[in-house]
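These are my notebook entries on one structure. I set down what I looked up, topic by topic.

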Amino acid sequence: MIFLNGKWLMIIKKNDEITIKKGNQSSNEEWVIFAEDGHKVLLDTIKTPMYNPSGELIGILGIAHDITERNKILSQFEATTTLLSAIIESSPNVVVFALDKNYHYLTFNKKHKEIIKMIWGKEISVGTNMMDIFGNHPDKEKAKANFDRALAGEYLSIVEEYGDEEKTRQFWQDYYSPIYSSNGEIIGVTCFVLDISELKRAEAALKESEYFFKESQHAAFIGSYKADLLRKRWESSEVLDQIFGIDKDLYQKTNDGFFDIVHPEDRGHLKIILVEDSINKRKPFNSEFRIVRKSDGVTRWVYGLGKVIANDQGNVTSLIGTIMDITELKNASEELKASEEQLRELNATKDKFFSINAHDLRNPFSVVLGISEIMADKSVLFTMDEMRQNSELLYKTASSTYALLENLLEWSSLQRGICKLKIESISLEKFIKNLNESISEIALKKSITLVNNIPQDATILADPNMLHSILRNLLTNAIKFTSSGGSVTISAKMQSDNSFLFTVKDTGIGIPDSIMKNMFRIDINISRPGTSGEPSTGLGLILCKEFVEKHGGSIWVESEEGKGSTFSFTIPAFSD
Ligand code: ADP
């Protein structure tokens with residue numbers, strides 16, 4: 001039973017009149033009325049005019065359906081559908097679609113439609129067979145296989161790459177699920193797809209940059225580190241572990257322990273730079289130091305760079321930077337330095353050679369020429385005494401020039417690299433006797449006593465020509481720089497390692513500091529005339545040094561001005 005108020009009665013009446021006027025069935029009219037218990041009722045009405053057999057209108061048949069419940073369900077369904085489509089359309093990167101068992105679209109969201117259009121250039125609508133989109137592209141089989149698995153009841157979650165390569169190939173995270181009907185039968189498949197291309201691209205870019213970083217570290221042999229000053233530990237890149245020769249799984253990277261890797265001689269200095277300059281004063285760290293590689297104990301040169309990092313409160317919390325193995329670079333630069341030094345010396349050698357040729361040979365020759373010219377001149381008559389004096393001058397000049405020539409020849413063969421060491425067994429007694437023959441005459445002329453302290457029975461393995469040249473130069477120098485009445489002592493003794501130590505000691509004028517600090521250097525001239533005005537060229541000691549070094553020995557001098565000098569050199573023991 002339904003109660004209608006007056007207003008409704010008027011409406012019904014009006015509608016009935018319209019039906020009558022039209023003479024045929026009238027439309028559904030939805031009425032909102034109130035039922036007995038007062039609740040709102042929605043009615044769907046159909047009104048049909050009734051005629052008697054003679055065609056006269058006798059009334060109106062009205063049938064009303066209560067559609068309250070149906071409408072409620074319908075509006076609920078509409079709300080759910082709106083909500084669902086709002087959800088599936090809401091994310092710009094989510095693709096949702098459903099297919100029936102024959103891969104026809106049941107539904108899809110806007111994003112899916114757009115993507116199909118973008119990748120495959122196809123317009124889709126409900127009912128389109130998805131397999132038709134792919135044409136003959138291999139993606140077709142791939143997609144079909146996934147749908148078939150879901151249609152067989154499987155729930156799939158896979159990352160896939162789809163798309164036509166010429167256009168855009170995208171990465172997708174796909175979730176396939178079967179659709180079950182109310183009676184438990186699989187009637188289709190839903191597919192929920194996330195576009196993870198950006199993520200994948202970012203991941204690939206990260207991998208690429210990591211790869212680039214790692215490879216460039218390997219190529220340059222530069223490692224990186226971060227020392228945490230609060231936790232007192234450090235981290236390092238693979239290359240730095242390699243430079244330090246440490247096993248990342250076994251080595252404990254504590255800040256204090258780091259100094260164990262540093263070469264003991266560089267530890268103190270490095271600690272000062274790192275702690276006082278970099279951490280306390282916040283200066284950039286920039287230093288070359290040595291490490292002792294943990295894996296094999298080999299010393300390597302490294303170059304470290306770094307800077308401190310402070311927290312929001314301004315306190316230094318860590319030190320980060322790079323360490324590069326520069327051993328090879330360092331060796332190359334040492335070699336370069338050595339060859340530069342060699343070049344400098346060569347240049348000085350050349351200068352010396354020219355200066356000796358120019359002055360030291362011309363002067364004695366002009367003396368010899370001058371005297372011999374006067375002597376040859378028949379018109380000049382010399383007394384016997386004058387004759388003796390001139391001859392003596394000639395002899396002196398000729399013999400010192402000869403000594404110089406000898407040195408020059410030896411030196412030039414040394415420079416040309418043709419002076420090879422020829423080791424022979426030398427009986428020192430005989431050797432010194434020979435040497436004395438030429439030396440004793442000069443000593444005698446200057447009234448200098450020669451003392452021979454060479455052990456009688458000693459033999460030595462050395463190059464006789466070189467040893468002769470060394471001793472001849474040291475002895476003539478000793479005589480040259482010792483005044484009459486002085487003495488020159490030559491000694492030799494075998495040392496515990498079987499090497500021989502030779503000394504030539506004089507009681508001469510000694511060597512001032514200015515000359516002392518430049519002894520044995522070719523690039524600085526320390527020549528001075530002897531005590532009787534004997535000429536000097538500054539070549540003898542250089543020859544001595546080179547010949548001693550060719551034997552693997554060393555040469556040095558001790559001297560006190562006014563008291564004398566002692567030149568010593570060693571000739572290491574040679575095995576036959
Ligand atoms: P030279 O004797 O021809 O000058 P050296 O190379 O033998 O060449 O010696 C270079 C210089 O070293 C000498 O000129 C001299 O100043 C100093 N010198 C060498 N030996 C002695 C020595 N025994 N006593 C003092 N000075 C010396």
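**Entry 1: the surface.** I began with the rule for patches: they are made of residues with over 30% relative accessible area and no salt bridge, where like charges are joined within 9 Å and nonpolar side chains (Val, Leu, Ile, Met, Phe, Trp, Tyr) within 5 Å. Accessible areas come from the Shrake-Rupley method with a 1.4 Å probe, and for residues only the protein chains shown count as cover. A salt bridge is a side-chain nitrogen of Lys or Arg within 4 Å of a carboxyl oxygen of Asp or Glu.

I noted that this is a predicted model, in which local features need pLDDT of at least 70 and side-chain atom pairs count only at pLDDT 80 or more, while totals for chains, interfaces and linings use all residues. Residues are numbered from 1 along each chain as its sequence is written, and side-chain values use heavy atoms, with hydrogens and water left out.

I then looked up a nonpolar patch on the surface, formed by Met50, Ile58, Leu61 and Ile63, with about 350 Å² of accessible area together. Its largest share, 3 residues, comes from strand S4 (residues 57–66). Helices (H or I, at least four residues) and strands (E, at least two) are DSSP runs, numbered from the N terminus. Met50 is found in strand S3 (residues 40–51). Met50, at 35%, is partly exposed.

**Entry 2: the partners of S9.** Two strands pair if DSSP finds at least two bridges between them. I found that strand S9 (residues 186–195) pairs with strand S5 (residues 94–100) in the antiparallel sense over 7 bridges. In this pairing I located Ala98 opposite Thr190 of S9. Strand S8 (residues 170–180) also runs antiparallel to S9, joined to it by 9 bridges. Here Ile179 stands opposite Gly188 in S9. The hairpin of S8 and S9 has 5 residues between the strands, and Gly184 takes a positive phi near 85 degrees there.

**Entry 3: Ser224.** Ser224 is found in strand S10 (residues 222–228).

**Entry 4: charged pairs.** Side chains of opposite charge can pair when their charged atoms come close. I recorded a count of 25 salt bridges. In one of them, Asp148 and Lys144 meet at 3.3 Å, N to O. Why are Asp148 and Lys144 separated by about one helical turn? The reason is that Asp148 and Lys144 are 4 residues apart in helix H5 (residues 139–151). Asp148 is partly exposed at 29%, and Lys144 is partly exposed at 27%.

I also looked up Asp277 and Lys281, which form a salt bridge with their closest N and O atoms 3.9 Å apart. Asp277 is partly exposed at 22%, whereas Lys281 is exposed at 53%.

Finally, I checked the salt bridge of Arg300 and Asp325 (3.0 Å, N to O). This pair links distant parts of the chain, with Arg300 in strand S13 (residues 299–310) and Asp325 in strand S14 (residues 316–325), 25 residues apart. Arg300 is buried at 12%, and Asp325 is buried at 8%.

Conventions:
Buried < 20%, exposed > 50% of the residue type's maximum accessible area, 1.4 Å probe, protein only.
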